[in-house]
Amino acid sequence: MKSIFMNGQSNKKSDVKQRTRYPKLFIGILILAMLLGMLSGCAQKAVETNEPTPDASSSTAPEATDTTTTKEPVEIKYMTFSAAPDHLEDLDAMIAEFEKQNPDIKVTYETYSFADYFTKLQTVVASKTAPDTFELNYENFVTYASKKALYNMDDLMKADADFDSSIFNSTALNAFKYDSKQYGLVESFSNVVFFYNKDLFDKANLDYPNDSWTWKDELAAAQKLTDADAGIFGTYAPIQFWEFYKTIEQNGGKIFNDDKTEVVIDSKENIETLQWMIDKIEKYHVSPSDAQMSGQSDGDLFKAGKIAMLRTGIWMFDSFKDADFTWDIALEPGNTQKAHHFFANGVAISKDTKNAEAAWKWAKFLTSSKEAAKIRVDSSWELPALTDESLLTSYLEKTPPESRAVVFKALDTLVVPPVIGNWNELTDLVGKELDQAKLGQKTPEQALKDAKTAIEGILE
Amino acid sequence: MVGNKGIKKYLTIAFFLLPSLVGMLIFVIIPIIASFVLSFSKWDLIGDIKWVGFSNYIKVFNDPTIREAFKHTLVFIAGYLPLVLSISLGLALVMNKKLKGIVVFRALYFIPVISSWVAVSMIWKWLLNPEYGLINYLLSLIGILGPGWLQDPKWAMAGVIMTSIWKDIGFIMVIYLAGLQEIPDHYYEAASIDGVNRWQKFWYITWPLLSPTTFFVITISLINSFQVFDQVWIMTAGGPAGATSVLVEQIYRNAFSYYKMGYASAISWVLFALIFTVTVIQNKFQKKWVNYDE
């Protein structure tokens, strides 16, 4: 390295600048080296053996530890993305209740934002320092289960006399099965419904949206509700991957065929759907463009009374409750059929845990106990996926919105995310094509054709 | 640095350097080797390592996304480098005046350098907001309808370049200032006696005598701008529609979003080779224009 940088100067009179230049260049190279280094910091800890998931022999006799409360409490670690920043106190309350019921177990937790959570989790799992229990959304659950990072809960479930799987919503619980083995317990779910500003509808003298509405009804109402001078837009749905995979189902389209071997994203229905999503902005001007939104979120605009109808998640209930107008929710209008998002979070146990039974107890408590469910419902921290109706009464009684039952009605037409192994890459690739279509750089047809080619490149 | 006084001296030095050498070994050298080894593998951190030979490298050169990112990196350099150099040099010339309170101004221009990239990027994101941002407001005062900046694929890179220039001019200015202050006054005095005008003074005295500084600054800035990442990641995350996707952003995405450690390592090494080549070429050509004689 030295010879390169000193090349051609060796017989020249050296001055201060010349001498400082060499180390600085060296530092420059070092910076790069460190960057390269960062990417492989954990390379030394290559995973040597992939132990098969523990079988019955390693997880029997769970009851034995139950009664011995005199010894040191077992510490269980939990990692979550859904608690911070709004529900830390609720999580603390759940832990307090759990520790009261299980004095021999102590729960500590770490929280990360959703954006950083999975990077962190991947690293701790790789370095074998994963917490005993951690939260996984459905999309990532598939990835982790397929990579054998999770503990097979089947034996724990069987050994636990108090456990009854029928208290869970079975669709939601089965989502956390992989290879027909239970690798996670469903913790909560949320979905997306159709929010509307009643005051704006009243002012325009329009009927409120109802469950029979289609895209056409939505457009007709939106055109009447839009008031360009006042900066009010009739309707809004973002143009991005998640919105797209749901909206195409409202028109009978799909991204993959049923066994996910073939990409059908460029179908006629899907081109039509994407065109409709874009037309709301570009042709009918009933939805704001990105520039018109200029960095404000759709939720902010709805709350400010600038969007009359909005497709967004039920997690916004809390934030909208102090809006200075009345609002309600309805089922989303579809074109040829109804379709609604369904997002589920689950709790999994790490394959490397040393305290599987304690971890199981915590996972069970967090997902299905009455106490935890009550705290969750009372604080609108998503919804427990339990069948016990009485748990949900307090949820249904709360207003706004008045039509809370819509949240459950939407489950009849739920669409699960089209998960594949390279999930993050799929969302990026399709997202980029959708962006280009939105910005008018490509026609919807071209964008979806290119998306198809790109997805075919990452299907395994 | 060391001289030729025997191996014992080397050992003594090595002993005193041990604390930092160990750190460097663990955090730099070993990871460099590991990333090189990994670049021939397929590994997602959790599962087993699969050896795939040169296929990662072959993929780097055939990946349209990487090609786009490479193009955008070059666009960034082409926009950033000339501007940051000329503005910094101009500022340094102004700041080199012996005026009262000039030190305060020098310090002011240096503040962005010590600010964190995250804070700077967040502030510029706001400044560049098409509706409420200060920049479009200022443009509107002179009757220009500002672009959508970070939301407009044609302007997003310009926004990133502006931010980077604003952050880096202070650093380069200080280096230029040091270079300027090394130029002996008697050259200028002699030139004045000969009736040389200001422009000629700059062109025939300042610029050639600054050439070692310019060379250093270009080399450092070029290395840094090949690795542009922080501001891109925070301001646009490579968007809109991939318009600001750059090489290191792709490395990060592949490693920590797609968990393709092998592929990300391969891109890193290609980037390293690229920077290394450019730097070597620069060193070869410096003879033609860098003047070390005083």
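In the predicted model, helix H19(A) meets helix H20(A) through A:Glu425, A:Leu426, A:Leu429, A:Val430, A:Glu433, A:Leu434, A:Gln436 and A:Ala437. On the side of H20(A), the residues in this contact are A:Pro444, A:Ala447, A:Leu448, A:Asp450, A:Ala451, A:Ala454, A:Ile455 and A:Ile458. Sorted by class, the contact of the two helices comprises 12 nonpolar residues, one polar residue and three charged residues. H19 spans residues 423–438 of chain A and H20 spans residues 444–458. Their axes come within 9 Å and cross at roughly 165°, which makes H19(A) roughly antiparallel to H20(A). The crossing of H19(A) and H20(A) is right-handed.

Two residues of H19(A) that take part in this contact, A:Val430 and A:Leu434, are also touched by A:Phe244, when residues up to four places away in sequence are not counted. A:Phe244 belongs to helix H10, residues 241–250 of chain A. With 27 other C-beta atoms within 10 Å, A:Phe244 is buried; the cut-off for a buried residue is 20 or more.

Chain A as a whole contains 20 helices and 13 strands. Of its 460 residues, 44% are buried. Among contacts between residues at least 6 apart in the sequence of chain A, 75% join residues at least 24 apart.

An open sheet in chain A consists of five strands in the order E2-E1-E3-E12-E6, and its pairing is mixed. Strand E2 (105–111) and strand E6 (185–190) stand at the edges of this sheet; each has a single partner strand, so one side of each is left without a neighbour in the sheet. On average, neighbouring strands of the sheet are turned by 25° against each other, direction ignored.

Within this sheet, E1(A) and E2(A) run parallel and are paired over seven bridges. A:Thr80 stands opposite A:Thr111 of E2(A). Strand E1 (residues 74–80) is also joined to strand E3 (residues 133–137) of chain A, by two bridges and again in the parallel sense. Here A:Met79 stands opposite A:Phe134 in E3(A). The pairing of E3(A) with E12(A) is antiparallel, with five bridges. In that pairing, A:Glu135 has A:Val347 of E12(A) as its bridge partner.

Another open sheet of chain A is formed by four strands in the order E8-E9-E7-E10, and its pairing is mixed. Its edge strands are E8 (233–236) and E10 (327–330), each of which pairs on one side only. The twist from one strand to the next averages 25°. Strand E7 (residues 192–197) pairs with E10(A) in the antiparallel sense, over four bridges. In E10(A), A:Trp327 stands opposite A:Asn197. Helix H9 (residues 215–225) of chain A lies across E8 and strand E9 (307–313), and runs at about 145° to E8(A).

Terms used:
Residues numbered from 1 in each chain as written. Chains lettered and ligands numbered in written order. Predicted model: local features only at pLDDT ≥ 70, side-chain atom pairs only at ≥ 80, totals over all residues. Pairing = 2+ DSSP bridges. Axes fitted to C-alpha atoms, helices over the stretch in contact; angles between N-to-C directions. Buried ≥ 20, exposed ≤ 12 C-beta atoms within 10 Å, placed from the backbone. Contact = placed C-beta atoms within 7 Å. Parallel < 35°, antiparallel > 145°, perpendicular 65-115°, else oblique. Left-handed = near helix turned anticlockwise from the far one by under 90°. Nonpolar A, V, L, I, M, F, W, Y, C, P; charged D, E, K, R; others polar.
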